[in-house]
Amino acid sequence: MKQASKKLLEGVVTFAVGLSLRLFTDGVETPVVTLTKVGVVLMCVGGVLAALGLFETVRKSSPVKPD
């Protein structure tokens, strides 16, 4: 698997895990942080990874031709 595709897949999976934490752990209390805040952080990290993977995929598929 290419590095860009791997980053895109990791970002989508991380975003999905963060979204599920955000939606389904509203009443769960933990000693240090709330799981909904962890879900939001994971959604942000997943979004950045997915955007980076998408950017690298698009960039490698259409190389710039030198003048």
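Among contacts in the protein (heavy atoms within 4.5 Å) between residues at least 6 apart in sequence, 64% join residues at least 24 apart. The structure is a predicted model, in which local features need pLDDT of at least 70 and side-chain atom pairs count only at pLDDT 80 or more, whereas totals for chains, interfaces and linings use all residues. Residues are numbered from 1 along each chain as its sequence is written, and side-chain values use heavy atoms, with hydrogens and water left out.

The protein contains two helices and zero strands, helices (H or I, at least four residues) and strands (E, at least two) being DSSP runs numbered from the N terminus. Of its 67 residues, 19% count as buried, where buried means under 20% relative accessible area, exposed over 50%, and partly exposed in between, with a 1.4 Å probe and protein chains only. The accessible surface of the protein comes to about 5,300 Å², and 69% of this area belongs to carbon and sulfur atoms; such areas come from the Shrake-Rupley method with a 1.4 Å probe, and for residues only the protein chains shown count as cover.

One salt bridge is present in the structure, the term denoting a side-chain nitrogen of Lys or Arg within 4 Å of a carboxyl oxygen of Asp or Glu. This salt bridge is formed by E56 and K7, whose closest N and O atoms are 3.1 Å apart. The pair links distant parts of the chain, since E56 belongs to helix α2 (residues 35–61) and K7 to helix α1 (residues 3–24), 49 residues apart. Both E56 and K7 are buried.

T36 is also found in helix α2, and this residue counts as buried because its relative accessibility is 15%. When residues up to four places away in sequence are not counted, T36 touches L21, R22, T25 and D26.

A nonpolar surface patch of about 420 Å² is made by F15, L19, L23 and F24. Patches consist of residues with over 30% relative accessible area and no salt bridge, like charges being joined within 9 Å and nonpolar side chains (Val, Leu, Ile, Met, Phe, Trp, Tyr) within 5 Å.
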